[in-house]
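Open the model in your viewer and keep the sequence panel beside it. This tour goes stop by stop: select, look, move on.

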Amino acid sequence: MIADDVVLGRDVRVFHPDMVNLYGCTIGDESTVGPFVEVQRGVEVGARCKISSHVFLCDGVTIADEVFVGHGVMFVNDMYPRATTAGGELQGSGDWPLVRTYIRRRVSIGSNATILGGVEVGEGALIGAGAVVTADVPPFAIVAGVPARVIGDVRERGDQEGAPR
């Protein structure tokens, strides 16, 4: 389902519109969205991004231009999730603080990575498959593991076209 309040840029491709849940979000020009993706209200996705299948983008996530998000990537926007309030009532949107996450230009996020709320992933960084990102990632860093740790620099590998050397 693509809700009426979704803003799709020029030439956005949603490969299976009947197999997505997009509402209240903005998707930039020439981006692609795979099947089984949920993009919640308030999310901004930049231009020329690739959002692979089975991705969850929750409110509070901002993705800059030219970002690759691999299959099954999950974002978190609540650092202390609970189903109910202290009084036992189901929580509503006002019962927890929204934690924002920023993914900068030309980042690549490997399949099944989890990005916790409140982090910034710097320009050109590479997040390894299955990594759990719990802290900010410097620009052009390669991170992997649980929790994710810096294991290299994209610029040293020559993998980042246009990256400063």
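## Stop 1: a salt bridge and its network

Select E123 and R105. Their side chains meet in a salt bridge, 3.3 Å from N to O. This pair links distant parts of the chain: E123 sits in the loop between β16 and β17 (126–127), R105 in the loop between β13 and β14 (108–109), and 18 residues separate them. Keep in mind that this is a predicted model.

Color the pair by accessibility. E123 is partly exposed, with a relative accessible area of 33%. R105 counts as partly exposed too, at 35%.

Together with R105 and E123, they are linked in a network of salt bridges.

Zoom to E66 and R48. Their side chains also form a salt bridge, at 3.2 Å from N to O. E66 belongs to the loop between β10 (61–63) and β11 (68–69), and R48 to the loop between β7 and β8 (50–51); they are 18 residues apart. E66 is partly exposed, with a relative accessible area of 25%. R48 is partly exposed at 40%.

## Stop 2: another salt bridge

How far apart are the closest N and O atoms of D5 and R41? Select both. The answer is 3.3 Å, and the two residues form a salt bridge. D5 lies in the segment before β1, while R41 lies in the loop between β6 (38–39) and β7, 36 residues away. D5 is partly exposed, with a relative accessible area of 38%. R41 counts as partly exposed at 46%. The count for the model comes to ten salt bridges.

## Stop 3: the open sheet

Switch to a cartoon view. Find the open sheet of six strands, with the order β1-β4-β7-β10-β13-β16 and parallel pairing. Which strands stand at the edges? They are β1 (7–8) and β16 (120–121). Each has a single partner strand, so one side of each is left without a neighbour in the sheet.

Select β4 (residues 26–27) and β7 (residues 44–45). These strands run parallel and are joined by two bridges. Pick out T26: opposite it, in β7, stands E44.

## Stop 4: a hairpin

Move to residues 141–144, which make up β19, and residues 149–153, which make up β20. The two strands pair in the antiparallel sense over four bridges. A144 stands opposite R149 in β20.

Look at the turn. The hairpin has four residues between its strands. Among the residues here, select G145: its phi is positive, near 100 degrees.

## Stop 5

Select T32. Its place is in strand β5 (residues 32–33). Is T32 buried or exposed? Buried means under 20% relative accessible area. T32 has 8%, so it is buried. Show what surrounds it. Beyond residues up to four places away in sequence, T32 touches R13, F15, C49, K50 and I51.

Next, select S53, in the loop between β8 and β9 (56–57). S53 is buried as well, with a relative accessible area of 12%. Leaving aside neighbours within four places in sequence, S53 is in contact with G34, P35, F36, V37, G70, H71 and G72.

## Stop 6: a loop residue

Select V76. This residue lies in the loop between β12 (74–75) and β13 (101–103). V76 is partly exposed, with a relative accessible area of 25%. Neighbours within four places aside, V76 is in contact with C58, T101, T114, I115, L116 and G117.

V76 and Y23 are 53 residues apart along the chain, and their C-alpha atoms are separated by 17 Å.

## Stop 7: the nonpolar core

The largest nonpolar core has 40 residues. Which of them have the most contacts inside the core? Select L57, F75, I103, I109 and I127: these are the ones. The elements giving two or more residues to this core are β10 and β19.

Last, center on I109. Setting aside neighbours within four places in sequence, I109 is in contact with F68, V69, G70, V73, F75, I103, I115 and I127.

Note on methods: Residues are numbered from 1 along each chain as its sequence is written. This is a predicted model: local features need pLDDT of at least 70, side-chain atom pairs count only at pLDDT 80 or more; totals for chains, interfaces and linings use all residues. Side-chain values use heavy atoms; hydrogens and water are left out. Buried means under 20% relative accessible area, exposed over 50%, partly exposed in between (1.4 Å probe, protein chains only). Contact means heavy atoms within 4.5 Å. Two strands pair if DSSP finds at least two bridges between them. A salt bridge is a side-chain nitrogen of Lys or Arg within 4 Å of a carboxyl oxygen of Asp or Glu. A nonpolar core is a set of buried Ala, Val, Leu, Ile, Met, Phe, Trp, Tyr and Cys residues joined through side-chain atoms within 4.5 Å.
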